[in-house]
Amino acid sequence: MTDTPKTGSGAPKLTKLPGGRQRLPNVTGTNLEHSRIFNRRLIFEALYQSGPLSRIDIAKRVGLTPQTVSGITRELLDQQFIIETGRSQGQRGQPQIYLGPNPVAGFSIGIHLDRNRVVMVVCNLLLEVIGRKIWMGDTRDPDSTLNHIASLTDALINETAVPRDKIWNIGLVLPTLDDDIYDFATKQPGWDAWANVPVAQRLKDLSGLTVLVENDATAAAIGEHFARSEKENRNFAHLYIGYGVGAGMIVDGMPLKGVWGNAGELGLLPFQPKRMRDNGEPPIIDSVLSLNGIAKALEWSINGADAAVADVSILTDLHSQRDSRLSSWMEEAGLCLRFLTAILESTIDPEFISVGGSLPPSIVAALVERAYPLYRSLSERKDRRSPRLVVGQLTDDAPVIGAASLPIFVNTNPNFRHLYIRQLGDEQRPFEQPSIS
């Protein structure tokens, strides 16, 4: 189940992008089938974001007639995508029936593939984690890594006893890997063999499940979006700090991608610290605000950074001991974070910016604290209700939860045709079916 349009003779064509990626076509028209699908998604999203709601509440929120809402909710109830959650009490007139998403109507698998580490979760429709696996190993070879991921997927499905036919897809997130189409090197160490690998198709062939692929920063922002209780926060940025740093940006509830899918690749920006380095050339942000930056400051090999990802207590202990080298890195990294905050506030005007990543929560919190006082910007308002820069709610889990949300996002969001997914799978969309198969 993906947002790939139907591929019949009269269907709009997908635009091919470098690296085997695809962009969805611009879809226009008012045919009844498209309207039905859009309205189903609109109603389901209202329930997903703000439920439980009565049919009257839904009609007011989405702007559809009560008759249309009644017909679609009846269809969704029959298909068991939504359920009755209760009735109004003590009110005049007919009691109102409240509706909400059915948590077990569908399931998704989220996979976060990072350097020498794989985190995998199975979630229900409400993104509640019902199973998890973590694997540490050599990820340099795509074939062996994808084979191992497929085996872990089968094992996790068996352990959680999730019906395979109710799995809506796999969401796989990993760093941006399109190194060979640029005029300079962009990949992190350990990813040389992954450039131009058709990851979605390979893993689909191995697992038998459709795979949606995204970059880790964008997925982390989507995960943060779904994790937050204040659903009205539809415009924010999430800075994800791993072996590099990137920003996922949510604008009007949708991820901002850019024409090539590289919006938010802030790690390539030059950064001018208090002192010049590298023969007078300013370093890029990826070399400072990252695990690679920590490894350099602590005089570790890259294997040292890998070990710190596998065991967060390594960096947590150094932080609690006030290690001088780590403290020096944090001063410079805090300046980086202040710089990136100013850039994001001036470009997308977010309600807030959250920070997470592979670092221990205590270090993420300390970095946010060190970034203050922030540079002056138009985000500094008298009516501000929340801080401009905050610690993310999911921190390290944001990418894998974001990965698990991709199948749900693609299948139920009314603006699904505007989503940009780096690699799309097949054309089946169970949520759009008029009846249970």
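Analyst: Two terms come up at once. Buried means under 20% relative accessible area, exposed means over 50%, and partly exposed lies in between (1.4 Å probe, protein chains only). Helices (H or I, at least four residues) and strands (E, at least two) are DSSP runs, numbered from the N terminus. This is a predicted model: local features need pLDDT of at least 70, side-chain atom pairs count only at pLDDT 80 or more, and totals for chains, interfaces and linings use all residues. Residues are numbered from 1 along each chain as its sequence is written, and side-chain values use heavy atoms, with hydrogens and water left out.

User: Which residues of helix α5 are buried?

Analyst: Helix α5 spans residues 199-207. Its buried residues are V199, A200, L203 and S207. They sit on the same side of α5, because they cover an arc of only 95 degrees around the axis (taken from the directions from the helix axis to the C-beta atoms). So the names to look for are V199, A200, L203 and S207.

User: What do the buried residues of α5 pack against?

Analyst: Contact here means heavy atoms within 4.5 Å. The partners of the buried α5 residues include helix α4 (142-160).

User: Which residue just after α5 takes a positive phi?

Analyst: Look just past the end of α5. The phi there is about 75 degrees. The residue is G208.

User: Which residue forms a salt bridge with R202?

Analyst: A salt bridge is a side-chain nitrogen of Lys or Arg within 4 Å of a carboxyl oxygen of Asp or Glu. For R202, the closest N and O atoms of the pair are 2.9 Å apart. R202 lies in helix α5 and its partner in helix α4, so the pair ties together parts that are 59 residues apart in sequence. The partner is D143.

User: Are K257 and E214 buried or exposed?

Analyst: Their side chains meet in a salt bridge (2.9 Å, N to O). K257 lies in the loop between β13 (254-255) and α7 (291-297) and E214 in strand β10, so the pair ties together parts that are 43 residues apart in sequence. Both K257 and E214 are buried.

User: Which residues are linked with R376 in a network of salt bridges?

Analyst: R376 and E380 meet through their side chains in a salt bridge (2.8 Å, N to O). R376 counts as exposed, at 70% relative accessibility. E380 is partly exposed, at 42%. The residues linked with R376 in the network are E345, E380 and R388.

User: How many salt bridges does the structure hold?

Analyst: The pair of R202 and D143 is one example. The structure's total is 18.
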